[in-house]
Amino acid sequence: MNGSPGGTAIRFQGVTKRFPGYTAVQNISLEAREGSFLSVVGPSGCGKSTLLNMAAGLTQPSEGAVEIFGKPLTGINASAGYMFQQDALLPWKTVRGNILLGPELRGADAGQAEQSAREWIRRTGLEGFADRYPHQLSGGMRKRVAMAQTWIVNPDIVLMDEPFGALDVHTRLRMEGEILALWAGSRKTVMFVTHDLEEAIALSDEVAVLSAGPASRLVGVYQVGLERPRNLIDIKTDPRFVEIYRSIWGDLREEVLKSYERIQA
Amino acid sequence: MSASRRNQVPMAVWQVLLGAVLLLGWEAGAKTGVLQPFFFSRPSDVLARVWKMVAGGGIWEHLAATVAEASLSFLIGVSGGVVFGFLLARNRFLGDLFDPYIRIVNALPRVVLAPIFLLWFGLGIWSKVALGVTVVFFIVFFNTFQGVREVDPVMVNNARMLGASERQLIRHVLIPSALTWIFSSLHISIGFAIIAVVVGEYLGSSRGIGYLISQAEGVFDTTGVFAGMAILAGVVLAVGALVDRLERYLLRWKARDSDAARGGVS
């Protein structure tokens, strides 16, 4: 399914999405290189999630096209996994049941699925919790289950929509570290949506900035040349991090101010 | 002080106490002539009558008829309600098409249907079952409809991204999600099923608790009326307890108040 390394995993070509009454995103062209970590930042309500949903095939663009590994996307993107901002676990399934959902839906061999579920329960530190129901877990653990649920089907592309937005700062830092560790060995393409510029820079190879909505445009794409593996605890005081932060924030700041004005108007 | 001591007595004791006080008051009222036994009977008489009906075996035929009618109307009503609820919730066109008619039929007081059903289905059990079905069906239908329509779209999208087909979506997401709503309506619909069939029996039948009550009423036998009511209450309570247990098992994944405090560690 993968093209040659360094090819394009996700390509938005002049994508516009209109909803009844307003335009979410306007004429956006953006690419995620295969195996890279791309973050999309922008003020609240700028259509970041809309962009992600179009890459997932959950929403279709009104104009333009989305290509996945060079092929136009129609319907659900079968090579993508999606970690949602909200809780998406099935509350009536246990941790194991939720992790097994993907393999089960795809008709995987039951024994093999069971084995890989055990492996993922171990990798996400959920041993001893396999028979718990989601409501018995903390927010951080529910995110781990969601992570295992998404990664167990081994998607080539992982889409994440502010997956850690609802977590406290420390849990969030740990989860970010775990995502990077998972991704590092995987050669998967990640598209990560957040409103937190620090998080975006710390995790990504590239940061795409969207303008204030409605009708958001792409302001720019910035390269983050920080080497990997990264130490997420210390990276934010690294002078090069600060420099990248300043240059992106200079552009993002204006958009954030614009969105404030619009809210107050 | 007294408040903390009161907390140590189990609620069940207070509940039994309240019932005892009410019954004794009733009994005393009847003894002293404040309550005319002809109009109000007496708890001791009612109890003796219940015992006579149960021990003498005269009650079983009627109880069996009422329970059979209620069970049938419950089964038919629930199946119909679930199937139609699913269908109309998943199919916008059908949902919108049927919407006004369902409202019209549901606005009708069911009791007025009883004479019609007597004409259509006769004096036997089916006229009572029909009446029960019209009650149960709508309760379950609206809850199923709501449950399917209001399923969390994030859960649906998540399942679709994980590879769910439409059929798998129904099985893994929509049915379990609707089950919560359906279950919350089961208590009500069982109670209403029994009420409906008893009303049906009361209006015209040759068997059943409702028939017993109407016979007793016909000869101003208040003790008989109260005895029928007591037996009916016992049946409803017993069935309710059963549904409780079933619900607790099937919805064991749901957060209960005691769990919420437990939380978890990250």
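User: What does Arg90(B) touch, leaving out residues up to four places away in sequence?
Analyst: With those left out, Arg90(B) touches Val148(B), Glu166(B) and Leu174(B). Contact here means heavy atoms within 4.5 Å. Keep in mind that this is a predicted model, where local features need pLDDT of at least 70, side-chain atom pairs count only at pLDDT 80 or more, and totals for chains, interfaces and linings use all residues. As for bookkeeping, residues are numbered from 1 along each chain as its sequence is written, chains are lettered from A and ligands numbered from 1 in the order in which they are written, and side-chain values use heavy atoms, with hydrogens and water left out.

User: And where is Arg90(B) found?
Analyst: In helix H5 of chain B. Helices (H or I, at least four residues) and strands (E, at least two) are DSSP runs, numbered from the N terminus.

User: Is Arg90(B) buried or exposed, or partly exposed?
Analyst: Arg90(B) counts as partly exposed, at 39% relative accessibility. The scale is: buried under 20% relative accessible area, exposed over 50%, partly exposed in between, with a 1.4 Å probe and protein chains only.

User: What separates the C-alpha atoms of Arg90(B) and Ala193(B)?
Analyst: 27 Å, with the two residues 103 apart along the chain.

User: OK, Val82(B) next. Which helix is it in, and what does it touch?
Analyst: Val82(B) is in helix H5 of chain B, which runs over residues 58-90. Not counting residues up to four places away in sequence, Val82(B) touches Val140(B), Thr144(B) and Ile182(B). Val82(B) is partly exposed, at 23% relative accessibility. Its C-alpha atom is 9.7 Å from that of Ile175(B), 93 residues apart along the chain.

User: Switching to chain A. How many helices and strands?
Analyst: Chain A has seven helices and ten strands. Its radius of gyration is 19 Å, close to the 18 Å from the globule rule for 265 residues, so chain A is as compact as a globular protein of that length. That radius is taken over C-alpha atoms, and the rule is 2.2 Å times the number of residues to the power 0.38. Of the 265 residues, 55% count as buried. The C-alpha atoms fill a box of roughly 55 × 45 × 40 Å along the principal axes.

User: What's the strand order in the open sheet?
Analyst: S2-S1-S4-S5 in chain A, with antiparallel pairing. Two strands pair if DSSP finds at least two bridges between them.

User: Which strands stand at the edges?
Analyst: Strand S2 (22-33) and strand S5 (71-72) of chain A do; each has a single partner strand, so one side of each is left without a neighbour in the sheet. Strand S1 (residues 8-19) pairs with S2(A) in the antiparallel sense over eight bridges, and Val15(A) stands opposite Ile28(A) in S2(A).

User: Now helix H1 of chain A: how many of its residues are buried?
Analyst: Seven of the nine residues in H1 (48-56) are buried, so it's mostly covered. Among the buried ones are Lys48(A), Leu51(A) and Met54(A). Just after H1(A) comes Gly57(A), with a positive phi of about 80 degrees.

User: What is Glu176(A) in contact with, leaving aside neighbours within four places?
Analyst: Phe164(A), Glu199(A), Leu203(A) and Leu232(A). Glu176(A) is in helix H5 (residues 169-184) of chain A, and is buried at 4% relative accessible area.

User: Last one: where is the cis peptide bond?
Analyst: It joins Arg228(A) and Pro229(A), with omega about -5 degrees. Pro229(A) lies in the loop between strand S10 (218-223) and helix H7 (239-264) of chain A.
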